[in-house]
Structure formats: structure tokens, C-alpha cells
Amino acid sequence: MDNIKKYSCFFQLATDIIGGKWKALVLWCLKDDVKRNGELKRLIPNISQKMLTQQLRELEDSGIVERIVYPVVPPKVEYKLTVMGEKLIPILLNLHDWGKEYSKDNNLTLDKSKNSDLSCS
């Protein structure tokens, strides 16, 4: 059975890898430095632990995020962007700026109570 996805354009491939409700937000949280699972969960409070784990695994499988496991007790696991993931940072910053401009043009405001740690100013 052939499990390889087929795409009709590179944009479709890219959005399949980083699209969805949570992946871009996970990448945004990792753009500046390494984070542990608990830090990511705190930064994205509306995501369930199950969904966070799933999104991190998919990003890891795609080569966008690296999972670093330390051989210590209790277990310590960190996540960081790979070199390929770091190439997304300018795109994420442009998307952030577009959202900021769009919000001003349409008189929209952010609910700071839910994402004050995301550095979305």
C-alpha cells in the first residue's frame, strides 16, 4: 500500500506540513529558543495536551522540530526548531505583521488575557 501523499503544488505541500489550527502557533512559540512541553502548554493554554503532543510529533516527523531527550530522572525533553524549521521564521514574522496590519485596518483587538506570553505585540 502506497502511503506517500501526492501534491499538485508546493504551496499545498507547505500548508500540509505547517497548516492547521495549532502548528503555526507551536512554531511561533519555538521561534526564539528551546522550550519544554510544559512551557509550550503554558504559552498555548487552549490546546489540549493530547493535541500538543500530536502536533509536536507531526512537526518532528516533517523535520521542522527536533525533540531532545536528556537521559536524566525525572525525564527531561525539549523541543527546538531544526535548520529547516528556522527557515520558517521570516514567514511567521511576515504573517504576524500581516495580522497586525489587518487588525488595525478592521478595528480588531487581541484578547490579551489568553495569550499574554506569546509576544504577539
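Let's start with Asp 32 and Lys 31, whose side chains meet in a salt bridge with N and O 3.1 Å apart. The term salt bridge here means a side-chain nitrogen of Lys or Arg within 4 Å of a carboxyl oxygen of Asp or Glu. Asp 32 is exposed at 61% relative accessibility, whereas Lys 31 is buried at 16%. For these words, buried means under 20% relative accessible area, exposed over 50%, and partly exposed in between (1.4 Å probe, protein chains only).

## About the model

This is a predicted model, in which local features need pLDDT of at least 70 and side-chain atom pairs count only at pLDDT 80 or more, while totals for chains, interfaces and linings use all residues. Residues are numbered from 1 along each chain as its sequence is written, and side-chain values use heavy atoms, leaving out hydrogens and water.

Next come Glu 58 and Lys 23, a salt-bridge pair whose closest N and O atoms are 2.7 Å apart. Glu 58 belongs to helix 4 (residues 49–61) and Lys 23 to helix 2 (residues 23–30), so this pair ties together parts 35 residues apart in sequence. Helices are DSSP runs (H or I, at least four residues), numbered from the N terminus.

Glu 58 is partly exposed, at 29% relative accessible area, and Lys 23 is buried, at 7%.

## One more pair, and the total

Lys 76 and Glu 78 also join their side chains in a salt bridge, with 3.7 Å from N to O. Lys 76 is partly exposed at 27%, while Glu 78 is buried at 14%. Across the whole structure, the search finds six salt bridges.

Key
Helices (H or I, at least four residues) and strands (E, at least two) are DSSP runs, numbered from the N terminus.
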